[in-house]
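I open my notebook and go through this model piece by piece. Each entry says what I looked up and what I found.

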Amino acid sequence: MKKILVVGGGDGGTIFANRLARRAPKEVDIEVIDKSDIHYYQPGFLFVAIGESSREKISKKRAKLYTKSIRFTQAEVEKIDLDDRRVILKGGEVKSYDYLVISTGSTINYDDIPGFRDSVNHFWTLDEAEKLYNRIKDFKSGNVVVGIGGLTYKCPVAPLEIVFLIDDYFRAKGIRDKVNIKFLSPLERPYGPKLPSKIMTEEMKKRDIEPVTFFTVDRVDADRKKVISMEGDSLSYDLLILSPPHKGADVIFNSGIGDEEGWIPVDKHYLNVKGYDDVFAVGDSTNLPIPKTGVIAHFEASTVADNIYYDLMGVERRGIFDGQSFCIIEMGRALASGQVSNYYYTESPGLIPSRILHLAKLAMNTIYWTCILGGYI
Amino acid sequence: MSEIKPSITVDARGLSCPGPLTSLIKAYRKANVGDVIEILATDPGFKPDIEAWAKRTGNEIISIVDEGGVIRALIRVTKK
């Protein structure tokens, strides 16, 4: 029986473990290690931030999410030693493996933007999403500035989603005429890919949201309530919501296996850590030039689970990860758009906002816990 | 003419839009006035993007050359 060690029990680690455990129940002994015993449905943070969901609805005990044969260990990993095939836990316990899957995700790097930590609201953690809702529900009038802060951040569409949902929220509350909303982007358009950006820009125009482009956030002056760009511009705000800069997990820095931002170099198709054939990385933890999202972690984890299964069975077949992503962009007004892309097809048209995509997004809130985390699809 | 030596090189080959421009902006965040950033990219949309960025930000494009499918641009940081 082969020992499979999974460091990190987020989307990637959980989907990988469940999928492989089901496919090869007699061939593998799988252990998942994570410092937290709670798993969060991270796309739900958006809905918490506008008061449409809650901590209870988007959290589950991690141990309940695994197939019975999988062991879950709550512990913090201190160091990963790839050459000696060892994972060292805080406290000194050492774990060995035949295959290692690293799914350590990303962490917020507040220090990258001076003033961010103390003056910017966001919803990239559950605590911060709850704080943001408290700000939004008590907001009466003024300037709301939303946009891209850190340039490496999880989920590229999240800033767009919150700006549309906030517009919706203030309209429902009857105070939209007392609120100015601006959307910041360091690019020449609100969103990177050109065709979906066109749809987003048209919707912003319809909803009186002003795009402010070529605005690369340099720092935030909390005393004067101004956000200042590297291009030399500044904007006053009463409520500032920006994507925080992200970096790799501390354990990746401690282990010396990442690049300068802590992302692990991997093969873009097979996800093995470069230089190793028994170690894989999935999800946010990799250095791949694609968004850091749950859907990508999902497809990567499935590819790695299937390829280890083929390896164990002694067959030559291998699956290839092609950078596939499918993202539903929530836009308020019971509408959502969507975008499909992979490594080779990046300029797909954005999908026209529709109710069916909005319903698909809501359906995800439920099927996530069963079909997706279970590794069935 | 003497070759201009870049102080920072950004390899954005293989990245699709907006990857190359985002990589450039990341380098720009860390650069000082006077630095020359060299950026290599293969995304065909990069040329108009970088021209628009330089025009808006007031930084100087020293050159943009297409070298067999690889766009090589040299940017002098003149404004921060």
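Entry 1: Helices (H or I, at least four residues) and strands (E, at least two) are DSSP runs, numbered from the N terminus. Just after H8(A), I found A:Gly314 with a positive phi of about 75°.

**Entry 2: what I am reading.** This is a predicted model: local features need pLDDT of at least 70, side-chain atom pairs count only at pLDDT 80 or more, and totals for chains, interfaces and linings use all residues. Residues are numbered from 1 along each chain as its sequence is written, while chains are lettered from A and ligands numbered from 1 in the order in which they are written. I noted that pLDDT is the predictor's confidence in each residue, from 0 to 100. Chain B averages a pLDDT of 90, and 98% of its residues score at least 70. For the complex, the predictor gives an ipTM of 0.81 and a pTM of 0.94.

**Entry 3: positive phi off glycine.** I looked at A:Lys225, which is not a glycine, yet has a positive phi of about 55°. A:Lys225 sits in the loop between strand E14 (217-221) and strand E15 (226-229) of chain A. The cut-offs: buried means 20 or more other C-beta atoms within 10 Å of the residue's own, exposed means 12 or fewer, and partly exposed is in between, with C-beta atoms placed from the backbone.

A:Ala334 is another non-glycine residue with a positive phi, near 55°. Its place is the loop between strand E20 (325-330) and strand E21 (336-341) of chain A. A:Ala334 has 13 other C-beta atoms within 10 Å, so it is partly exposed.

Entry 4: E20(A) and E21(A) form a hairpin with five residues between them. In the turn, A:Gly332 has a positive phi of about 75°. The two strands, E20(A) and E21(A), pair in the antiparallel sense over six bridges. Two strands pair if DSSP finds at least two bridges between them. I picked out one bridge: A:Glu330 has A:Ala336 in E21(A) as its partner. E20(A) is mostly covered, with five of its six residues buried.

**Entry 5: a parallel sheet.** In what order do the four strands of the open sheet come? The order is E13-E12-E11-E17 (chain A), and the pairing is parallel. Strand E13 (209-212) and strand E17 (239-242) of chain A stand at the edges with a single partner strand each, so one side of each has no neighbour in the sheet. The twist averages 20° from one strand to the next. Strand E12 (residues 179-184) of chain A pairs with E13(A) over four bridges.

Helix H5 (residues 158-173) of chain A lies across strand E11 (142-147), E12, E13 and E17 of chain A, at about 155° to E11(A). Axes are lines fitted to C-alpha atoms, for helices over the stretch in contact, and angles run from 0 to 180 degrees between N-to-C directions.

**Entry 6: around A:Lys95.** A:Lys95 lies in strand E8 (residues 94-96) of chain A. It is partly exposed, because it has 19 C-beta neighbours inside 10 Å. Leaving out residues up to four places away in sequence, A:Lys95 touches A:Leu5, A:Val87 and A:Leu89. Contact means C-beta atoms, placed from the backbone, within 7 Å. A:Val87 also stands opposite A:Lys95 in E8(A).

**Entry 7: where the chains meet.** I found 19 residues of chain B in contact with 14 residues of chain A. On the chain B side, helix H1 (19-30) and helix H2 (46-57) each supply at least two residues. H1(B) gives the most, with seven residues.

Methods:
Two residues are in contact if their C-beta atoms, placed from the backbone, lie within 7 Å.
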